[in-house]
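Try each task before you read its solution.

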Amino acid sequence: MFKMTHNILRNLVVRKSTRRYPFEVREAFDKVRGELVNDIVRCIFCGSCEVRCPSQCIQVDRKAAVWNYDPFACVFCGVCVDICPAKSLSQKTQYLRSVDKRILISMQGELKKKSREKDKEAEKDKPAPVEPEGPAATG
Ligand code: SF4
Ligand code: SF4
């Protein structure tokens with residue numbers, strides 16, 4: 001009984017060794033693999049992240065240019081970030097905040113035109129070349 005009372009009194013004055021998460025969030029360490037973000041403007045909808053993700057939490061609709069992600073199935077391994085050819089994926093140093101319901105992330109982007117198509121369009125828009133005026137041919 002004395003020991004318990006002693007412990008209770010001691011716990012009232014000593015510094016707590018735990019935090020009141022999520023109200024008190026610890027400062028992030030460098031290189032923490034936290035929340036995954038996609039800069040959808042850079043995404044080329046190649047589907048590599050979907051193929052390589054070990055927890056199958058990404059789906060890419062290449063035709064509709066939609067990137068879907070389930071953060072609650074993600075294990076934050078960083079594989080998708082490493083293999084993304086457009087460097088559109090990155091991870092914050094903060095973990096995903098706790099929420100009271102499951103969320104799915106769906107991002108709509110724009111399909112990038114292939115460079116050949118772009119070149120063709122640029123060619124179409126070019127003004128017709130003007131023939132240089134020279135001396136009239138004499139016969
Ligand atoms: S790997 Fe990168 S560029 Fe390719 S679909 Fe995924 S996020 Fe987009
Ligand atoms: S961090 Fe890992 S688990 Fe999460 S989406 Fe990327 S590859 Fe999948």
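**Exercise 1.** Of the 12 residues of α1, how many are buried?

*Solution.* First, some ground rules: this is a predicted model, where local features need pLDDT of at least 70 and side-chain atom pairs count only at pLDDT 80 or more, while totals for chains, interfaces and linings use all residues. Residues are numbered from 1 along each chain as its sequence is written, and chains are lettered from A and ligands numbered from 1 in the order in which they are written. Next, a residue is buried if 20 or more other C-beta atoms, placed from the backbone, lie within 10 Å of its own. The number buried in α1 is 0, so the helix lies largely in the open.

**Exercise 2.** Find the residues that come nearest to ligand 1, and class its shell.

*Solution.* Start with the residues whose C-beta atom, placed from the backbone, lies within 6 Å of the ligand. There are 14 around ligand 1, and Cys43, Cys46, Cys49, Cys84 and Ala86 come nearest. Then sort by class, with Ala, Val, Leu, Ile, Met, Phe, Trp, Tyr, Cys and Pro as nonpolar, Asp, Glu, Lys and Arg as charged, and the others, Gly among them, as polar. The shell has 10 nonpolar, 4 polar and no charged residues.

**Exercise 3.** Do likewise for ligand 2.

*Solution.* Ligand 2 is surrounded by 13 residues, and the closest are Cys53, Cys74, Cys77, Val79 and Cys80. Its shell divides into 11 nonpolar, 2 polar and no charged residues.

**Exercise 4.** Which residues does Cys84 touch, not counting those up to four places away in sequence?

*Solution.* Take contact as C-beta atoms, placed from the backbone, within 7 Å. Cys84 then touches Ser48, Cys49 and Leu89.

Key:
Two residues are in contact if their C-beta atoms, placed from the backbone, lie within 7 Å. Helices (H or I, at least four residues) and strands (E, at least two) are DSSP runs, numbered from the N terminus.
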